[in-house]
Amino acid sequence: MGNLFDITGKVVVMTGATGVLGTAISKYLARQGARMVVLGRNSDKGNAIVAEIKVAGGEAMFLTTDVLCRDVLEQNLKDILSTYGTVDVLLNAAGGNMPGATIPPDKSFFDLSTEAIELVMELNLVGTILPTQVFLRPMAEKKSGVVVNFSSMSAFRPLTRVAGYGVAKAGVSNFTAYMATEVAKKFSPDIRVNAIAPGFFLTEQNRTLLTHPDGTFTERGRDIIRQTPMGRMGDPEDLCGTIHYLISPASRFVTGTVAVVDGGFNVFSI
């Protein structure tokens with residue numbers, strides 16, 4: 001059967017690729033022989049990632065994108081097809097949160113901003129659905145491909161504070177399950193749709209919530225460590241093996257699932 005984990009030459013498109021997690025995943029997959037298409041809003045970061053990949057002997061390109069604008073995504077697709085001719089894998093990693101959609105300790109549900117909730121829902125859920133509509137098309141035409149969405153711990157159980165984000169990520173998990181059947185039945189059983197649910201990783205979005213300026217954990221950060229059996233936050237590289245598995249032939253009979261990479265956080269009980 002050969003190497004079940006061989007992804008050499010695969011064209012991997014990743015939204016949100018300029019973030020902490022996206023950067024690590026992009027560099028790793030390029031080292032494994034994938035042709036990385038780094039999509040993001042920050043061109044300086046994106047071009048720096050591509051430069052590092054190329055210095056290491058990998059293949060990559062950066063395109064500025066907006067996961068909520070179909071016209072921009074369609075132009076991204078044209079540029080990708082012009083360069084590589086196809087899309088084999090889509091990683092929907094774009095997402096985020098905002099203060100108005102959260103409930104800090106000194107506030108309550110009645111203080112939530114519905115406008116902020118709508119924006120968070122749009123970024124995380126619509127920002128997954130819309131790129132899938134665009135980049136899935138080449139996969140549907142050739143009847144093969146892989147989509148991996150990014151869910152969250154907050155999709156499994158409601159975490160305090162992140163009200164809007166949890167609802168949005170629960171939607172991503174549900175969308176993942178729905179699309180697994182949709183593409184397999186209507187296009188090809190060789191198109192698979194799964195998701196990954198990272199546990200707690202320090203990113204630019206949550207760093208101030210989980211750590212103090214001196215790097216020590218806040219009370220929330222300590223609570224997370226206490227409820228994580230492995231006793232630590234995740235390192236970005238901890239996601240790479242699971243992503244590699246999900247986009248490779250090794251998982252060819254796996255679709256509609258959410259792979260948890262959380263150091264045991266989701267199964268902790270007392």
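## Overall picture

The protein's secondary structure comes to 8 helices and 7 strands; helices (H or I, at least four residues) and strands (E, at least two) are DSSP runs, numbered from the N terminus. Before going further, please note that this is a predicted model, in which local features need pLDDT of at least 70, side-chain atom pairs count only at pLDDT 80 or more, and totals for chains, interfaces and linings use all residues. Residues are numbered from 1 along each chain as its sequence is written, and side-chain values use heavy atoms, with hydrogens and water left out.

How does the protein compare with a compact globule? With 270 residues, such a globule would have a radius of gyration near 18 Å, and the protein agrees at 18 Å. That radius is taken over C-alpha atoms, and the globule rule is 2.2 Å times the number of residues to the power 0.38. Along the principal axes, the C-alpha atoms fill a box of roughly 55 × 35 × 35 Å.

## Inside and outside

Of the 270 residues, 48% are buried. Here buried means under 20% relative accessible area, exposed over 50%, and partly exposed in between (1.4 Å probe, protein chains only).

Contacts tell another part of the story. Among those between residues at least 6 apart in sequence, 71% join residues at least 24 apart, where contact means heavy atoms within 4.5 Å.

Because 9 of its 12 residues are buried, α1 is largely enclosed by the rest of the structure. Among the buried ones are Leu21, Ile25 and Tyr28. The buried residues of α1 pack against β1, β2, α2, β4, β5 and α8. After α1 comes Gly33, with a positive phi near 100°.

Strand β5 (residues 145-150) is the place of Asn149. Is Asn149 buried or exposed? Its relative accessible area is 0%, so Asn149 is buried. Leaving aside residues up to four places away in sequence, Asn149 touches several residues, including Asn92, Thr128, Phe175 and Asn194.

## Salt bridges

A search of the whole structure finds 7 salt bridges, each being a side-chain nitrogen of Lys or Arg within 4 Å of a carboxyl oxygen of Asp or Glu. In one of them, the side chains of Glu74 and Arg137 meet at 3.0 Å, N to O. Glu74 lies in helix α3 and Arg137 in helix α4, so this pair ties together parts that are 63 residues apart in sequence. Arg137 is partly exposed, at 34% relative accessible area.

Glu182 and Lys186 form a salt bridge with their closest N and O atoms 3.1 Å apart. Both sit in helix α5, 4 residues apart, so about one helical turn separates them. Lys186 is exposed, at 57%. Asp238 and Arg232 also meet in a salt bridge, at 2.9 Å from N to O. Through salt bridges that share partners, Arg232, Asp235 and Asp238 are joined into one network.

## Cysteines

How many disulfides are there? The count comes to 0 disulfides, a disulfide being a pair of cysteine sulfur atoms within 2.5 Å. Cys69 is partly exposed at 24% relative accessible area, whereas Cys240 is buried at 4%.
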